[in-house]
Amino acid sequence: MSLSFEAFNSDFWYACIGAVLFVVALYAFIVSQPLLKKLLAFNIMGSGVFLMMVGLAQYQHGPDSVPQALVLTGIVVAVAATALALVLLRKWVLSGGQA
Amino acid sequence: MWFDVILGIGLIVAAVGVFRSDELFRSVVFFVTFGILLALTWLRLQAPDLALAEAAIGAGLTGVLLLDTLGVLKRPAAVKFNLAKHALATIVALGAAAGLAWSFWTLLQLPAPTYNLVETLAANIDDSGVSHGITAVLLNFRSYDTLLEVAVLLVAIVIGLSLRQSLRQSLRHDDAQSDGDETVTGATTSPEQQAPALLKSLVHLLVPLLLITAIFVLWAGSTRPGGAFQAGALIAAAGVLARLGNIDIASRVNLLLRTGLTIGVFIFLLVAVSPMLTGYAFLAYPPGWAGVLIILIELMLTISIGLILLSLFIHAPREKRNGGSS
Amino acid sequence: MHYLQIVFISIGCLFFIIGTVGLLRFPDVLTRIHALTKADNLGLGFIVVGLIPSQSSAADVAKLLLCWLLILGASSVSAYLVANQHIRQTRKPE
């Protein structure tokens, strides 16, 4: 069971950071009470996943356009989903809901 | 390497700052900081397109949307400590952490994959019509994903527009609004406040500059980092800036706005389906036409993405005011 | 020349640190805006000057200077807006 630590370059480090961000944001997503904080936690979970995608794909062969293109798509869809979630949140609050 | 260590730790500190803040405003500020640090991270990962998109969209536009929403929210209820929720969250987070750690461990022990996407892309990029890898992947090799993505954006704006106010109110409002109405304000300022003159002059300077930069980024996407999404984000930023300077942009949902919102998907679908009439496959560009078609699709996508992101900001539900705009 | 660049960029980072210390230690919104706008923009100017010899063409130098000018304009206008809003909010009871 050999582990090649020459694989530990900066891309892999960022993939690990992405994993940590995902776990921390998952915890905060379940625990946070204001809805806006849950939305921010969800966004950070998404960013963690993006970091893992790009980091794990690139640590062996260097910069790779395919996962980068998919993550670019992901960033734009994430902001559209966040904007939609904010619209729903505002409608909810303006109609008398809590948070 | 040490810069990467510090940047990674900074990301985690910013994320923790989002969650441990008592006020929502502090959380939003930490979130924007997180976005900017993430843009730096994309640069360190040698992904300049992602850095552009994250800075413009992730930090910039999302920050504006969040700050605008903060003006609508009332003071949140006091946070009660719920032991069951914390316990559940700890279990789930530990499970996720264990799963991720196991996946990373297994990944490090797998033999190197037999395929190498970097080489495959480099070998085929001359056939794609552009010379920048990400644009080639987005609009040629994986154009189906991009088509579905812009459809998702369109769905998002359809829902956003349908939630802005009731149909009767919107019909009455669209008829009553006059041209060049310069007393429109956002949700956070009272109706009698106009934009300060300094902001207006900055807006008059920046909006044309942003539009020119957007067109350049769109054109440069064929050969260097750039492309439709970043250009669309710049157009949305120009629109948001104009709106904050009390210039009436796209606040009437008329046929022009609807055309602009849908033209990206429409032209993309047209280009995708028309090869089928001449015997090619769905989304297969005819040989020699790839570069031209990609630029055409990107131009329409830029317009659509810019208007979609802008409309999600402008037409967000606001408090009803007599004769006020949406 | 390389060492001169390092000196300039280090001075720029020093000004950023000073600005951040001011942000953390000043008591009031208005004084913090002072620290942010003045110190940070000067630090950015030093960093831009330090980066100029590394650029490969005059167009890149022009882009760097354009970045600095735009940040200068945007930060001064946003500082004015924040100060304006702060004064308007704290003077309301009058």
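Contact here means heavy atoms within 4.5 Å. I'm writing that down before anything else, and also that this is a predicted model.

**Entry 1: chain B as a whole**

I started with contacts in chain B between residues at least 6 apart in sequence, and 74% of them join residues at least 24 apart. Next I looked up the secondary structure: chain B has twelve helices and zero strands. Chain B has 326 residues, and 47% of them count as buried.

**Entry 2: who touches whom**

Which chains share the most contacts? Two pairs of chains are in contact, and chains A and B come out on top. Chain A and chain C don't touch, with 23 Å between their nearest C-alpha atoms.

**Entry 3: helix 2 against helix 3 in chain B**

I looked at helix 2 (residues 24-44) and helix 3 (residues 48-70) of chain B, whose axes come within 7 Å and cross at roughly 175°. Angles over 145 degrees count as roughly antiparallel, so helix 2 of chain B is roughly antiparallel to helix 3 of chain B. From helix 2 of chain B the contact includes Phe31(B), Gly35(B) and Trp42(B), and from helix 3 of chain B it includes Leu50(B), Gly58(B) and Leu66(B). Sorted by class, the residues of this contact are 18 nonpolar, four polar and one charged.

Then I checked the loop between helix 2 and helix 3 of chain B, where Gln46(B) sits. Gln46(B) isn't a glycine, yet its phi is positive, near 60°. Is Gln46(B) buried or partly exposed? Its relative accessibility is 46%, so Gln46(B) counts as partly exposed.

**Entry 4: helix 2 of chain B across to chain A**

Helix 2 of chain B also packs with helix 2 (residues 35-61) of chain A, at an angle of about 10° and with the axes 11 Å apart. Under 35 degrees counts as roughly parallel, so that's what these two helices are. Among the residues making this contact are Leu36(A), Ile44(A) and Phe50(A) on one side, and Phe31(B), Thr41(B) and Trp42(B) on the other. The classes here are twelve nonpolar, four polar and one charged.

I picked out Thr41(B), which is found in helix 2 of chain B. Thr41(B) counts as buried because its relative accessibility is 0%. Skipping neighbours within four places in sequence, Thr41(B) is in contact with Tyr14(A), Leu51(A), Leu7(B) and Leu11(B).

**Entry 5: the nonpolar core**

Which residues touch the most other members of the largest nonpolar core? They are Leu36(A), Ile44(A) and Trp42(B), in a core of 124 residues. Helix 12 (residues 290-314) of chain B gives the most to this core, with 14 residues.

**Entry 6: one more loop**

Last, I looked up Asn246(B), in the loop between helix 10 (228-244) and helix 11 (255-277) of chain B. Asn246(B) has a positive phi of about 65° although it's not a glycine. Asn246(B) has a relative accessible area of 6%, so it is buried.

Definitions and conventions: Residues numbered from 1 in each chain as written. Chains lettered and ligands numbered in written order. Predicted model: local features only at pLDDT ≥ 70, side-chain atom pairs only at ≥ 80, totals over all residues. Heavy atoms only, no water. Core = buried A, V, L, I, M, F, W, Y, C linked by side-chain atoms within 4.5 Å. Buried < 20%, exposed > 50% of the residue type's maximum accessible area, 1.4 Å probe, protein only. Helix = DSSP H or I, 4+ residues; strand = E, 2+ residues; numbered from the N terminus. Axes fitted to C-alpha atoms, helices over the stretch in contact; angles between N-to-C directions. Parallel < 35°, antiparallel > 145°, perpendicular 65-115°, else oblique. Nonpolar A, V, L, I, M, F, W, Y, C, P; charged D, E, K, R; others polar.
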